[in-house]
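Take a moment to look over the model below. The paragraphs after it walk through the chain step by step.

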Amino acid sequence: MGILYLSVELFFDLIACILGGILICHAGDNYPKLYWGIIALCIGMVFMWENIGWLTIVTETPEYRFTDLLNIEKMLKWYVLASIVALFPTASLLPGYLTPFKILSFFFFFILLTTIGLCYLGFNGEMTSLRTFSDIFANFRHTDVMLRSILFFSSIITPVFFCFYPLFRRKLYRQINGMMYFFIGFICLFVFIYCLFTLFINEFIFNLFGATSIMFAVFFSIQYMRKENPFSNRFEMEESTLRIENDSWNNLSPLFRQIENHLLDTKEYTQYGYDLQSLSKALQVKENQLSLAIKSAGFSSFREYLNDLRLRHFRQLVEADSDKSIKELIFSSGFNSRSTFYRNFSDKYGISPTQFVDSCKNK
């Protein structure tokens, strides 16, 4: 590996760490965003540590030797991270669905197999040397080779199953968008590279795996910077149903009705800096309960719900008085950033605010 390649990868490692730190600080009650920030930060730090080690060698022929196939330590590292990342489609389409108990049920087999692998490493440690693909079949009767093979296949099946699981559910809170398919496609590509990385001793594949990992972390961190939930869009209720009077969704929390009616009555969401803590004080309800109620309506976070209310308010203001400037209406709706407003409005309604205002004037 050349110094130039390592320097470029170190730069992206640093970017991943910075983006991860920002996501952690600004996640609020959006737990997938928080966890993605932690993942990006960890990936950036791990690869930064490894690449700094490579730089200290300063040679085109590294001292590191790519040893055995089906390296159990390598597979366990992948299994943990890939299984967590593969749950993001479920977390995106079903906000609030992944309770600690459900996560534990998803991870039961994964935890069991990982524990067996760690125990084998800690208390036995005897590993059969596998230098070629044919060595796997020749030594398959050995306990460690059987364990490594089971771990390999499980570390492929588990993340793929987790990725596609929500696509086959009938009841979803949100609608899949193009970024979700891109994310799943990236995971499948990642699985393919992982197979090559685990079954072949090759320096190029080793570098490809590292480069793909860090670009994966950086790209989707940027998506989370732009949107509260980049992988799906919320199913919209009918425009006429602004006040929740009929339970149109089976899982809609009764508390959400109270939240919606309170905010529509008081218009507190138009205040700059309004947050979940302010709503908690007004309703005398714990923040965690409010957050779960909001997620029962398909919102990924309180911030996404707040932006949705503000966008609806902007439309009402335009329809009531389209002669005011867009800038004035934006700030009257509670937004403090013009770019954030334009991006949210275009994503939600498919047209720009200017086009919407012009259409109202023509009417």
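Does Leu309 count as buried or exposed? This is a predicted model. In it, Leu309 has a relative accessibility of 1%. The cut-off for buried is under 20%, so Leu309 counts as buried.

Where does this residue sit? Leu309 is part of helix α14. Leaving aside residues up to four places away in sequence, Leu309 touches Glu260, Leu263, Leu264 and Tyr269. Arg148 lies elsewhere: Leu309 and Arg148 are 52 Å apart in space, C-alpha to C-alpha, and 161 residues apart in sequence.

Now step back to the whole chain. It has 363 residues, and 47% of them are buried. There are 17 helices and two strands. Along the principal axes, the C-alpha atoms fill a box of roughly 75 × 45 × 35 Å. The accessible surface is about 18,800 Å², and carbon and sulfur atoms hold 62% of that surface. Take the contacts with a separation of 6 or more: 72% of them join residues 24 or more positions apart.

Next, the interior. In soluble globular proteins, nonpolar side chains tend to be buried together. Here the largest nonpolar core has 60 residues. Trp36, Phe152, Phe183 and Phe216 have the most contacts inside this core. Several helices give two or more residues to it, among them α1 (3–26), α2 (31–57), α8 (143–164) and α10 (203–226). The largest share, 12 residues, comes from α9.

Trp36 shows how such contacts look. Not counting residues up to four places away in sequence, Trp36 touches partners including Leu23, Val85, Phe88, Phe183, Phe216 and Tyr224. There is also a second, separate core. This second core has 21 residues, including Phe256, Leu283, Val285 and Ile294.

Finally, look for open space. The second largest pocket holds about 1,100 Å³. It is lined by 42 residues, and the closest to its centre are Glu228, Arg303, Glu304, Asn307 and Asn344. Which element supplies the largest share of this lining? Helix α14 does, with eight residues. That is the helix that holds Leu309. At least two lining residues each come from α1, α10, β2 (232–234), α14 (302–320) and α16 (338–349). By class, the lining has 14 nonpolar, 12 polar and 16 charged residues.

Methods:
Residues numbered from 1 in each chain as written. Predicted model: local features only at pLDDT ≥ 70, side-chain atom pairs only at ≥ 80, totals over all residues. Heavy atoms only, no water. Core = buried A, V, L, I, M, F, W, Y, C linked by side-chain atoms within 4.5 Å. Buried < 20%, exposed > 50% of the residue type's maximum accessible area, 1.4 Å probe, protein only. Helix = DSSP H or I, 4+ residues; strand = E, 2+ residues; numbered from the N terminus. Contact = heavy atoms within 4.5 Å. 1 Å grid on protein atoms, 1.4 Å probe; cavity = no way out; pocket = protein on both sides within 12 Å on 5 of 7 lines; lining within 4 Å. Points joined across faces, edges and corners; volume = space filled by probe spheres on them. Nonpolar A, V, L, I, M, F, W, Y, C, P; charged D, E, K, R; others polar. Areas by Shrake-Rupley, 256 points an atom, 1.4 Å probe, with all protein chains shown as cover.
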